[in-house]
Amino acid sequence: PSTTKPINTEAITAFTLVPRSVKNMLELITKSAILELSRRGENKQVQQKTGDICVAKLSFKYGAMNSGKSDTLIKVAFNYEECVLKIAIIKPSVDTRGASYVYSRTGYQRPVDILALPDTDIEKAIKLFINDNGIKKLNCILIDEAQLLSRQQVEQLYRIAKNDDISVIAYGIRTDFRTELFPGSERLFAL
């Protein structure tokens with residue numbers, strides 16, 4: 001009669017984990033290399049060599065008043081800079097709270113890089129900001145109170161994300177007290 005040996009489940013588990021851990025290690029190394037090249041402003045070269053398409057996008061993070069949007073923006077800015085990535089913070093000048101700072105209810109504050117007037121051409125303002133600060137690669141644009149932007153300014157931010165490969169994260173509220181969309185919010189939803 002034939003006897004069957006019990007299956008060594010530890011060996012099978014170890015074998016199945018090896019490919020996954022190797023894959024994770026390779027992904028980590030690739031991400032680290034892309035991060036380092038992005039710091040140097042050479043991310044486009046990585047995309048061409050690896051065939052990867054890194055598409056920047058325009059994101060709208062919305063919430064009710066006092067839900068912590070400005071606090072989140074400040075934390076995101078900190079995280080980008082901790083990774084030695086370059087950011088720009090924009091705030092519409094119509095928002096007079098805090099003058100040229102983003103303030104959170106928790107007491108944190110952050111200076112604004114571009115205070116956008118209603119007729120400010122954001123594409124030109126970003127190019128000027130990049131040139132004035134000697135930035136090789138701007139990685140992200142963060143916007144506080146995005147609902148106060150004009151439709152044209154939102155269109156400009158969309159073009160920046162698509163044409164210049166700069167991620168744009170806009171924070172704001174959807175509607176006013178009458179539950180009507182702000183023009184900036186409406187355009188952000190449409191895009």
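## A salt bridge between Arg178 and Asp176

Arg178 and Asp176 form a salt bridge, with their closest N and O atoms 2.8 Å apart. Here a salt bridge means a side-chain nitrogen of Lys or Arg within 4 Å of a carboxyl oxygen of Asp or Glu. Asp176 counts as buried, at 16% relative accessibility. Buried stands for under 20% relative accessible area, exposed for over 50%, and partly exposed for anything in between (1.4 Å probe, protein chains only).

A word on what you are looking at: this is a predicted model, in which local features need pLDDT of at least 70, side-chain atom pairs count only at pLDDT 80 or more, and totals for chains, interfaces and linings use all residues. Residues are numbered from 1 along each chain as its sequence is written, and side-chain values use heavy atoms, leaving out hydrogens and water.

## Other charged pairs

Side chains of opposite charge can pair when their charged atoms come close. By the rule above, the count comes to seven salt bridges. One of them joins the side chains of Asp71 and Lys75, at 3.2 Å from N to O. Both residues lie in helix 3 (residues 69-82), four residues apart, or about one turn of the helix. Helices (H or I, at least four residues) and strands (E, at least two) are DSSP runs, numbered from the N terminus. Asp71 counts as buried at 12% relative accessibility, whereas Lys75 is partly exposed, with a relative accessible area of 48%.

Glu123 and Arg159 form another salt bridge, and their closest N and O atoms are 2.9 Å apart. This pair links distant parts of the chain, with Glu123 in helix 4 and Arg159 in helix 5. The two are 36 residues apart in sequence, and their C-alpha atoms are 8.2 Å apart in space. Arg159 is partly exposed, with a relative accessible area of 34%. Setting aside residues up to four places away in sequence, Arg159 touches Glu123 and Asp164; contact here means heavy atoms within 4.5 Å.

## The whole chain

The chain has six helices and seven strands. Read along the sequence, they follow the pattern α-α-β-α-β-β-β-β-α-β-α-β-α. Of the 191 residues in the chain, 36% are buried. Among contacts between residues at least 6 apart in sequence, 73% join residues at least 24 apart.

## Strands side by side

Strand 6 runs parallel to strand 2, and four bridges join them. Two strands pair if DSSP finds at least two bridges between them. Ile90 has Ile143 as its bridge partner in strand 6. Strand 6 also pairs with strand 7 in the parallel sense, over four bridges. There, Leu142 has Ile169 of strand 7 as its bridge partner.

Both faces of strand 6 are covered. Cys140 and Leu142 on one side, and Ile141 and Ile143 on the other, are all buried.

## Two nonpolar cores

A nonpolar core is a set of buried Ala, Val, Leu, Ile, Met, Phe, Trp, Tyr and Cys residues joined through side-chain atoms within 4.5 Å. The largest one has 25 residues, of which Ile90, Ile126, Leu138, Ile141, Ile143 and Leu157 touch the most other members. Elements that give two or more residues to this core include strand 2 (87-92), strand 6 (140-143) and helix 5 (151-164). Helix 4 gives the most to this core, with five residues.

Which residues does Leu157 touch, not counting those up to four places away in sequence? They are Leu58, Ile122, Ile141, Ile143, Leu149 and Val168. A second, separate core has twelve residues, among them Val76, Ile89, Val112 and Ile169.

Ser185 sits in helix 6 (residues 183-190). Is Ser185 buried or exposed? Ser185 is buried, with a relative accessible area of 0%. Leaving aside neighbours within four places in sequence, Ser185 is in contact with Phe60, Gln147, Ile173 and Arg174.

Tyr62 belongs to strand 1 (residues 58-62) and is partly exposed, with a relative accessible area of 43%.
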